[in-house]
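Please keep the sequence and the structure in view while reading.

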Amino acid sequence: MNNIRYLFREGVRNIWSNRTMSLASIGVLVSCLLLTGAAVLFSMNISAAMATVEGTNSVRVYMDKGLPVLSSLKVGEQIKKLDNIKSCQFISKDDALQKVMGMIGQKDSTLLKDMTGKDNPLPDAFQVSFQDLSKYKNTVAQIKQIQGVSSVNDYSDVAAKLTNLDHLVTTVGFWIILLLSLVSLFIISNTIRVTMFSHRLEINIMKSVGATNWFVRVPFIVEGVFIGLLSGLLSSMILCLLYDKLTGTLTSITLFSPLDIGPLQWRITLLFLVAGALFGAIGGVISIGKYLKKEGGEIVEW
Amino acid sequence: MIEFQNVSKVYSNGTKALKNVNLHVDDGEFVFIVGSSGAGKSTFLKLITCEERPSQGEIVVGDQKLSQVKRGEVPYLRRMMGMVFQDFRLIQKMTVYENVAFAMHVVGASSREIRRRVPYILGLVNLQGKADCHPRELSGGEQQRVGLARALINSPRLIIADEPTGNIDPALSFEIVDLFSEINKRGTTILMVTHEHSLVKHFGHRVVEIHNGSVVADSCNWEARHE
């Protein structure tokens with residue numbers, strides 16, 4: 001117990017006595033964790049968006065602007081007669097406007113209050129779902145040919161684009177994160193090596209009075225773990241704040257509704273702390289291991 | 001306490017540092033090791049502390065054959081030795097008390113044990129009033145006494161000192177060796193490397209001379225060779 005307290009204190013003291021390099025390590029590790037977190041959150045959002053798109057298994061069919069409601073309903077009848085149609089639900093332009101107002105919140109929806117009735121710029125639409133997804137493209141083409149149909153919101157393209165984007169982000173993110181992880185490990189292990197060289201005399205004395213290699217190692221591992229924990233804490237705070245700000249802005253200017261970070265916050269912090277501590281510990285083990293093997297194994301230096 | 005049986009050491013670059021050395025040091029003996037630079041004195045010490053392994057022969061320290069001591073057991077072997085260096089090797093940012101206590105922390109001593117033993121050992125080397133001083137505030141002789149206190153703190157059976165008077169005022173050298181002699185009288189074996197012939201002559205302990213990697217003189221005949 002005495003030893004644990006002593007070694008722990010020594011590890012923390014190392015960080016302070018070598019603060020410039022420690023700060024550099026924290027900076028790089030924070031960047032690495034931030035990028036990792038950002039890539040994961042991005043991927044999670046895309047997956048959620050894709051789940052929504054795929055889950056609905058449907059398209060939105062917009063009518064020509066100014067088309068009377070009766071004509072719109074006739075178009076709906078024509079759609080229902082097509083093969084592969086499971087359901088066809090009418091969404092009036094008033095309902096659509098109400099939905100938009102609900103999505104952007106009360107504060108901003110006041111702007112849209114003057115757009116009700118005749119001034120409503122939105123078209124009438126149908127939410128159409130299919131029986132067989134393999135006939136998706138064919139059915140969409142048939143719907144587009146019906147007179148009065150202005151456009152079909154084709155989610156297959158959106159899903160494909162989202163998938164491509166997800167793959168791109170995952171691939172690029174993977175390589176960037178791998179590179180940054182290696183850089184982080186390199187910098188952390190070098191930071192600890194610098195501390196080690198400045199503590200050469202102490203290590204030398206430790207070895208001369210019979211310290212085991214583990215006793216020599218522990219303060220440097222503690223140093224690495226502390227650097228990692230600090231980085232983990234810092235990066236999770238920055239990530240959550242940035243995500244909150246960014247998604248807040250995105251929601252107010254687009255109709256995109258990102259994942260709420262609230263329930264994820266603790267999980268992200270915990271994951272970052274564990275990842276940071278692990279990185280730090282590995283960095284510590286690598287540097288002290290090399291030192292003890294090559295330079296300070298059983299050295300007393302008579 | 002120490003037994004060298006036909007010990008030779010050849011380094012990887014071909015240097016023959018020790019050649020067929022046979023030596024026996026009894027428990028409680030005080031032995032001066034003398035010899036010119038490059039004679040093999042450092043290799044002799046490195047072999048005892050397991051910093052190097054012999055190319056040939058067997059070394060016994062205490063009851064342990066060093067050829068049977070594995071790498072992981074070396075720290076435990078060293079706990080029965082105390083080491084004193086020419087350059088003191090004190091940690092400047094630590095006080096005298098902390099420098100000595102440091103050696104106890106390393107072997108896992110409890111805080112209570114450290115608080116009890118450090119003042120006792122500092123008293124033994126006449127440094128009672130200097131516990132809160134930093135090494136830079138002490139004279140060379142006092143710094144070496146801190147080094148000796150650190151070597152003594154874990155009650156070693158053997159003290160190995162490498163030119164402990166090499167960096168201090170010659171007048172104080174006798175005082176330091178006196179202190180070593182006092183410790184020797186309490187039963188600790190002392191192995192001291194030195195270049196100072198005046199000290200060797202004055203104290204009259206056993207002398208082992210190493211020259212070109214071989215023991216060329218042992219004890220009584222040493223003085224006769226140098227007269």
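Which residues touch the most other members of the largest nonpolar core? In this predicted model, they are Leu29(A), Ile33(B), Val100(B), Ala149(B), Ile160(B) and Ile190(B), in a core of 102 residues.

**Nonpolar cores**

- Helix α8 of chain A, residues 213-253, gives the largest share of this core, namely twelve residues.
- Leaving aside residues up to four places away in sequence, Leu29(A) is in contact with Ser184(A), Ile188(A), Ile227(A), Gly228(A), Ser231(A), Gly276(A) and Phe279(A).
- There is also a second, separate core of twelve residues, among them Tyr62(A), Phe126(A), Ile143(A) and Val149(A).

**Helices α3 and α5 of chain B**

- Helix α3 (residues 96-106) and helix α5 (residues 140-152) of chain B have axes that come within 8 Å and cross at roughly 30 degrees.
- Because angles under 35 degrees count as roughly parallel, α3(B) is roughly parallel to α5(B).
- The crossing of α3(B) past α5(B) is right-handed.
- From α3(B), Val96(B), Asn99(B), Val100(B) and Ala103(B) meet Val146(B), Ala149(B) and Arg150(B) of α5(B).
- Five residues of this contact are nonpolar, one is polar and one is charged.

**Contact between the chains**

- Chain B contributes 24 residues to the contact and chain A contributes 18 residues.
- On the side of chain B that touches chain A, α1 (41-48), α2 (74-78) and α3 of chain B each supply at least two residues.
- That side of chain B comprises eleven nonpolar, seven polar and six charged residues.

Conventions
Residues numbered from 1 in each chain as written. Chains lettered and ligands numbered in written order. Predicted model: local features only at pLDDT ≥ 70, side-chain atom pairs only at ≥ 80, totals over all residues. Axes fitted to C-alpha atoms, helices over the stretch in contact; angles between N-to-C directions. Helix = DSSP H or I, 4+ residues; strand = E, 2+ residues; numbered from the N terminus. Parallel < 35°, antiparallel > 145°, perpendicular 65-115°, else oblique. Left-handed = near helix turned anticlockwise from the far one by under 90°. Contact = placed C-beta atoms within 7 Å. Nonpolar A, V, L, I, M, F, W, Y, C, P; charged D, E, K, R; others polar. Core = buried A, V, L, I, M, F, W, Y, C linked by C-beta atoms within 7 Å. Buried ≥ 20, exposed ≤ 12 C-beta atoms within 10 Å, placed from the backbone.
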